[in-house]
Structures are given as C-alpha cells and as structure tokens.
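Keep the picture open as you read.

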Amino acid sequence: MTIKAVRGFKDILPDDSLRWVTAEDVARGIFETCGLKEIRTPILEKTEVFARGIGEHTDIVEKEMYTFTDRNGESVTLRPEATAGIIRAVIEHKLYGKASMLKLFTMGPMFRHERPQKGRLRQFHQINCEYLGSQAPLADAEVIWMAWKVLTSLVTSSELLLQINSLGCPKCRPLHRADLQLCLKNLAPKLCPDCRRRAKSNPLRVFDCKNEECKRILASAPLVKHYLCPECSIHLGKVLDILEAFGVPFVQNPYLVRGLDYYVRTTFEIVSPDLGAQSTVAAGGRYDGLVKALGGPDLPGVGMAIGVERLLLLMDIQECRLETNLFVAALGNEAREEVLPLVKELREEGIVVEMTYEEKGLKAQMKQANRLGASHVLIIGDKEIEEEKAVLRDMKTKEQQEISFKEIIPLLKDLFAGE
RNA sequence: GUGGGCGUAGCUCAGCUGGUUAGAGCGUCGGGUUGUGGCCCCGAAGGUCGUGAGUUCGAAUCUCAUCGCUCACCCCA
C-alpha cells in the first residue's frame with residue numbers, strides 16, 4: 001500500500017502551481033496599489049488566541065480545530081483562520097502605534113478538521129486582508145472592493161454575486177437578538193430539529209436553514225435591518241454608496257450571517273453558483289471589538305478572506321507552462337561535456353535552456369525538444385566541435401544555420417531578448 | 001459525526017448474466033531514418049483488479065467487512 005497524504009490535505013502539483021502563483025500575484029498587486037503591507041504570522045498559535053478570537057461556542061472552536069498539547073504541556077492549535085493570529089501579532093509588536101491605520105494582507109494555509117468535500121479541505125489556503133484602526137465606511141468598502149477586484153480579475157466564466165448585510169453593533173444587536181429569541185421560542189415546535197438547536201446556540205443562523213418549511217415560518221421573524229441604530233444604518237448606507245461609486249454590483253441579503261462571533265455591522269460574501277454546496281469564494285466583515293477582546297487597544301477593524309482553492313475552481317482552466325527557449329542537443333559524451341559551460345552561460349543570460357541528462361540519439365532529443373516547446377535547438381556533435389560551429393534549428397520554420405561558437409551567446413541573447 | 005456514489009495500467013475508461021494467459025485509447029520508452037521533432041506505421045515496458053475474508057470446481061465480476069476517494073448534510077473560505 002502506497003503512503004498517501006493525510007485526508008483532506010492536498011498536494012499542489014507542478015501542473016497547478018503556476019495558477020497558484022498567478023492568483024497570489026494578482027492579489028498581491030491589487031493590495032499593493034491600495035497600500036497594504038504583507039504580514040506573515042506562524043501557522044501554530046496558542047489555543048487561546050482562537051478560543052478568544054473566534055468565539056468559544058463556534059463550531060470551529062468546538063469541534064474543528066487541530067489542537068494538541070506540545071511537549072511543554074501547552075495547548076497549541078493549527079490556525080483555522082488568519083485574523084486572530086494577525087491581531088495577536090499586531091498587539092504583541094504594538095504595530096498600532098506606528099501608523100494611524102494598519103492595512104495588512106497575508107496568504108497561506110489554514111486548518112480545519114471537517115469532512116472534506118468539493119471546495120472544502122482540511123488544509124486550505126486563504127488570501128486575507130485586514131484594515132485596523134478605522135471605523136470609516138470607506139474602509140469597509142475598500143476591503144470589499146479589493147475582494148471583488150481580485151476575483152473578477154481572475155474569474156471570467158462564472159457568475160460572481162456579492163451579498164451584503166449589516167449585523168448591527170453592541171448597541172442595537174441585543175434588541176434584535178432578544179426579540180428573535182422570543183419569536184423563535186414561540187415558533188420552536190414548528191421548526192426543524194436543527195433550527196431548534198440553532199435557536200439557542202446561534203439564533204441568527206436559523207435564517208440559513210435550507211428547509212422550505214422553516215423558511216416560510218421564519219419569513220415573519222424579525223430582521224436585523226429593522227433594528228439597526230441610526231449610526232449602524234448610516235454606516236451601512238455609506239458603504240453601499242461607495243460601492244456603487246466604485247461600480248461594484250451587489251445585492252443586500254438580510255439573512256446573511258457569519259459563522260465567527262466577532263463580526264459586527266458590515267458582513268459580506270461573494271458567492272458563485274459553480275462551486276457546489278460551498279458557494280462562498282470570499283467573505284468578510286467588520287470586527288470592531290476583536291482587538292480589544294484579544295487584549296489590545298480598542299481598535300476597530302474590517303477584513304476579508306478569499307478561499308484560494310475555491311477561487312482556482314472558478315478560474316478558467318488553462319495549461320500554464322514555462323516555455324523552453326532553447327534545447328541543446330549534444331551528440332555523444334564528449335560533445336555533452338564540451339557543451340556544459342555554454343548551457344550554464346546561456347542560463348545566466350536568462351535564457352531557458354534544456355538538454356538531456358542521459359546520452360541519447362538526435363532523434364530522441366529532437367522529440368524531447370518538441371515536447372518541451374523549445375523554439376530553437378542547438379545541435380552540437382563531433383563534427384561541430386571540430387569546426388567550432390554549431391547548428392541552430394528554428395523549430396517552427398525548420399530553417400537551420402551554422403553559427404560559430406563565438407557567436408552563439410550574443411546571437412542567442414539577441415534572439416530571445418524580447419521574451 | 002451521518003448518508004449516497006465510486007475504487008481495474010501513469011491518465012481516461014471497457015470487461016455482458018462468475019469461465020483459462022485482464023483489454024483499449026492517451027502518455028512513456030524503443031524501432032522504421034546508425035545526425036533531425038510534430039503526422040504515420042511497428043514494437044516494448046507498465047496491473048497484488050483498493051485490502052481482507054466468505055460463497056464456488058473457478059471471483060475483476062456475487063456476499064460481508066475494512067480502508068480510501070468523492071458528493072451531500074452539519075458548518076465554513
């Protein structure tokens with residue numbers, strides 16, 4: 001039996017890696033134009049970072065974390081999301097003192113022990129950004145715009161839908177929550193078992209129920225948007241205005257809830273119908289109390305996360321491979337040795353050069369050159385070495401020319417200059 | 001954690017109601033051209049039929065168990 005990767009952990013194979021780099025580069029470029037700086041925090045944190053950050057009673061903390069005690073007896077966990085760790089780092093290094101506002105991004109693996117399925121892995125990757133220190137609606141809008149921009153830059157064939165909602169703030173949310181719980185208590189007998197459970201643990205989640213019967217019953221339940229205080233209401237309005245000014249299409253979804261406890265006010269999700277059951281490619285929102293909850297100053301924040309695997313699922317499948325510029329076909333062991341310094345020099349000039357590692361006939365080497373997509377082949381055998389000339393073949397036109405050894409470097413350098 | 005579907009060559013898959021040495025296409029390697037690629041022709045390598053047990057004269061095929069993958073529930077990026 002061959003050894004396989006751990007369940008839910010996937011290898012990123014050579015054929016895919018260029019698409020990963022493309023996605024990461026596009027995101028990085030967009031973030032940099034907005035003035036964000038990259039931060040890289042450890043994959044492992046003390047468990048309390050997440051317990052306090054995400055919320056003790058969330059599914060993530062209760063049953064999905066990779067938690068274990070290390071050799072010192074301390075409880076540590078593989079990060080299930082990025083925000084809590086970043087905030088821990090910001091507090092630890094007092095980064096908040098250095099600028100009025102922190103704009104950070106990161107990308108890397110996250111870990112959650114869930115049952116794998118389409119678009120869901122136990123090790124998955126996110127591209128995250130966090131704005132710390134501003135309550136301005138512009139901060140929310142900019143974060144949302146960046147998520148939208150990254151996705152639409154990479155995905156063309158799929159319908160992306162941006163949904164937005166406001167969850168209210170500590171002032172207005174409790175009023176809604178109380179009314180909702182009261183309402184759910186009355187409706188409980190008619191609801192599905194899942195909803196009855198949610199009614200107690202996380203009442204807002206009942207609105208996510210897919211049960212048609214529950215949906216009908218809950219249509220009359222109180223919505224957050226009717227409880228928003230004037231400040232929250234104005235905030236949401238401004239965020240939406242800015243998005244409109246940015247030309248980002250969106251719909252409001254009064255039922256949109258987030259799974260993590262720390263969200264307040266703005267929450268958003270970008271979904272695609274092409275992803276199967278996990279339709280969310282990117283999501284985020286405002287988390288004004290989080291920095292304080294983790295022991296830092298009372299800094300407001302907004303952030304978002306893009307699921308990289310899900311994004312790649314939506315990217316148009318295209319074979320990305322690095323083209324070989326030149327294939328050096330050396331005939332015989334003497335010629336092979338003779339040619340090595342030349343190969344090295346060409347590579348130092350930035351030309352992508354390949355040759356065989358074993359001795360092979362010319363035919364086999366031509367075949368390989370063709371497979372590698374080399375535009376030119378440089379043929380060097382005993383005859384060429386004797387005459388200090390090489391044969392350069394253009395693979396497209398099939399034209400061949402003899403060039404003296406001395407001319408090789410400048411000529412090829414010139415030939416591949418534009419590429 | 002619960003349920004459905006699926007495990008045959010590197011990849012995509014055939015293999016009918018059990019019947020001898022398990023097949024195809026693609027890919028790889030070699031030959032047809034002892035120094036010239038794509039197309040064509042020929043050939044070769046490559047398989048504990050996921051694993052284990054059971055039924056049977058005989059199992060890739062039927063039964064059970066187990067592992068893995070996958071989709072969905074739950075939840076989330």
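Start with Glu231, which is partly exposed because its relative accessible area is 40%, a value between the 20% and 50% cut-offs. Keep in mind that what you're looking at is a predicted model. Glu231 has a partner: Lys171 forms a salt bridge with this residue, and the closest N and O atoms are 3.7 Å apart. Lys171 lies in the loop between β7 (161-166) and α6 (173-187), while Glu231 belongs to helix α9 (residues 230-246), so this pair ties together parts that are 60 residues apart in sequence. And Lys171 itself? At 58% relative accessibility, Lys171 counts as exposed.

Why can such pairs form at all? Side chains of opposite charge can pair when their charged atoms come close.

How many salt bridges does the count come to? The answer is 15 salt bridges.

| Positive residue | Negative residue | Closest N and O atoms |
| Lys46 | Glu74 | 3.7 Å |
| Lys171 | Glu231 | 3.7 Å |
| Lys413 | Glu349 | 3.6 Å |

Take the pair Lys46 and Glu74, a salt bridge with its closest N and O atoms 3.7 Å apart. Lys46 is in strand β2 (residues 44-46) and Glu74 is in the loop between β3 (66-69) and β4 (75-78), so the pair ties together parts that are 28 residues apart in sequence. Lys46 has 44% relative accessibility, so Lys46 counts as partly exposed. Glu74 counts as partly exposed too, at 34%.

Now for Lys413, which forms a salt bridge with Glu349 at 3.6 Å between the closest N and O atoms. This pair links distant parts of the chain: Lys413 sits in helix α15 (residues 405-415), Glu349 sits in the loop between α12 and β13 (353-354), and they are 64 residues apart. Lys413 is partly exposed, with a relative accessible area of 44%, and Glu349 counts as partly exposed at 38%.

Which residues form a positive surface patch? They are Lys360, Lys363, Lys367 and Arg371. Lys367 is found in helix α13 (residues 362-372), and this lysine counts as exposed because its relative accessibility is 55%, with the cut-off for exposed being over 50%.

There's a negative surface patch as well, formed by Glu334, Glu337, Glu338, Asp382, Glu386, Glu387 and Glu388. Glu388 has its place in the loop between α14 and β15 (389-394).

Finally, zoom out to the whole chain. Chain A is divided into domain 1 (14-172 + 228-314) and domain 2 (326-411). Taken over C-alpha atoms, the centres of domain 1 and domain 2 are separated by 51 Å.

One last stop is Gly133, in the loop between β6 (123-132) and α5 (137-154). Gly133 counts as partly exposed, at 27% relative accessibility. Gly133 and Thr2 are 131 residues apart along the chain, and 51 Å separate their C-alpha atoms.

Technical notes: Residues numbered from 1 in each chain as written. Chains lettered and ligands numbered in written order. Predicted model: local features only at pLDDT ≥ 70, side-chain atom pairs only at ≥ 80, totals over all residues. Heavy atoms only, no water. Patch = residues over 30% accessible without salt bridge, like charges linked within 9 Å, V, L, I, M, F, W, Y side chains within 5 Å. Areas by Shrake-Rupley, 256 points an atom, 1.4 Å probe, with all protein chains shown as cover. Salt bridge = Lys/Arg side-chain N within 4 Å of Asp/Glu carboxyl O. Lys, Arg positive; Asp, Glu negative; His and termini not counted. Charge placed at Lys NZ, Arg CZ, Asp CG, Glu CD. Helix = DSSP H or I, 4+ residues; strand = E, 2+ residues; numbered from the N terminus. Buried < 20%, exposed > 50% of the residue type's maximum accessible area, 1.4 Å probe, protein only. Domains from an automatic or database assignment.
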